[in-house]
Amino acid sequence: KPGEQKHPKEPPSLQCMHLAVVACGDRLEETLIMLKSAVLFSSRRLCFHIFAEDSLKPEFERKLKEWPSSYTKKFVSSIYPITFSVGNAQEWKKLFKPCAAQRLFLPVILKDVDSLLYVDTDVLFLRPIDDIWHLLREFNSTQLAAMAPEHEMPKIGWYSRFARHPYYGSTGLNSGVMLMNLTRIRSTHFKNSLIPGGLTWEEMLYPLYQKYKNYITWGDQDLLNIIFYFNPECLYVFPCQWNYRPDHCMYGSNCRGAEEEGVSILHGNRGVYHDDKQPTFKALYEVIRDFPFEDNLFQSLYYPLQSRFLDTVHTLCGRIPQVFLKQIEKTMKKVYENRVIVYLGANHKY
């Protein structure tokens, strides 16, 4: 466009996988453990985009600098204030959970970022981000975002039973893990229930909220469901192992992808990392939290997990430990093999 500043493209070796998170209130530790899980297993360079209340910024900066240099060289981080470009900022901030609506504005704020993975603070990566990042290549020409269903079974799903507004598909979407092509989002005019001609993402957000605010329960997630109800061709739906929540095992195992491949991304919503309702989820969180960065992954992470899981076999989620361990074991083997190959290569004498 005339007058638009051009940014040189990064060479492929330096290109980032962009990861965004929004942290307010008491979510500092959760966010750091999520970022730790991302750095532990991923191969390519990461760019962290952390949206946080002003009071949390110094603590984020201090904590991330404390990580060993072998890990800090794997990422760069930027910390942003909480801002809303349209509508009433206080209204947005109070929607559902503090600051959660910030995720709706990522395409508007991160104008120089082409693609982005957004996750909630209560997410843990059990395999490299590289693997979910590759799903961007599977988008067809109309798809611009990817999310997992809110539930696998309509008869016990929340949206299919209680929603008073339009929602995507038969069970709705969960917005805790969102893979987005921001360039496409910014250039698309979305069909909606407001005007027939279509609106840009930024134009649509506040009028949509105004229209449905008395009918939504889950805040920004409900707004995303409404958007993709009217624009289903824009969504790539990824399977439940990429956003595995207590709902997938507390009513019996109902995520076939996790049973076959293992959990790829764990989403400990409803505070399960911090209470005793789902000890399997809590065990994973605490073992990753307590893992010393430079220690052996099998000795200080995998074996403690196996031991902790033995104490959870009496629970519905604890009865299927292989679902939680399969992917993380595969990931650690790959990390170990890569390190051995690098070590042998550096020390091999011809």
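Mentor: Let's start with a cut-off: a residue is buried when its relative accessible area is under 20%. Keep in mind as well that this model is predicted.

Trainee: Happy to. Which cysteine, Cys 16 or Cys 47, is buried?

Mentor: Cys 16 is buried, and Cys 47 is too. By the cut-off, that places the relative accessible area of each under 20%.

Trainee: What makes Cys 16 and Cys 47 a disulfide?

Mentor: The sulfur atoms of Cys 16 and Cys 47 are 1.9 Å apart. The criterion is a pair of cysteine sulfur atoms within 2.5 Å, so this pair counts as a disulfide. About the S-S bond the value is 60°, and the link is right-handed. In the chain, Cys 16 belongs to the segment before β1 (17-23), while Cys 47 is in strand β2 (residues 46-52); they are 31 residues apart, and the pair links distant parts of the chain.

Trainee: How many disulfides does the structure hold?

Mentor: There are four. With bonded cysteines counted along the chain, the pattern reads 1-3, 2-4, 5-7, 6-8.

Trainee: How do you know whether Cys 24, Cys 99 and Cys 234 count as buried or exposed?

Mentor: Set each value against the 20% cut-off. Cys 24 has 7% relative accessibility, so it counts as buried. Cys 99 is at 0%, so it counts as buried. Cys 234, at 5%, is counted as buried too.

Trainee: Which residues does Phe 324 contact, leaving aside its neighbours within four places in sequence?

Mentor: Cys 249 and Cys 317 are among them, and so are Leu 126, Tyr 244, Val 263 and Phe 281.

Trainee: Which members of the largest nonpolar core touch the most other members?

Mentor: Tyr 244 and Phe 324, in a core of 75 residues. Helix α1 (residues 28-41) gives the largest share of this core, nine residues. Domain 1 (14-238) and domain 2 (242-345) each supply at least three residues to this core. Apart from it lies another core of 42 residues, including Trp 92 and Trp 201.

Trainee: Why is helix α10 (residues 220-230) said to be largely enclosed by the rest of the structure?

Mentor: Count its buried residues: nine of the 11 are buried, so the helix is largely enclosed. Among them are Asp 220, Leu 224 and Phe 228. The elements covering the buried residues of α10 include α4 (89-93), β6 (145-149), β7 (173-181) and α9 (201-212).

Terms used: Residues are numbered from 1 along each chain as its sequence is written. This is a predicted model: local features need pLDDT of at least 70, side-chain atom pairs count only at pLDDT 80 or more; totals for chains, interfaces and linings use all residues. Side-chain values use heavy atoms; hydrogens and water are left out. A nonpolar core is a set of buried Ala, Val, Leu, Ile, Met, Phe, Trp, Tyr and Cys residues joined through side-chain atoms within 4.5 Å. Buried means under 20% relative accessible area, exposed over 50%, partly exposed in between (1.4 Å probe, protein chains only). Helices (H or I, at least four residues) and strands (E, at least two) are DSSP runs, numbered from the N terminus. Domain bounds come from an automatic or database domain assignment. Contact means heavy atoms within 4.5 Å.
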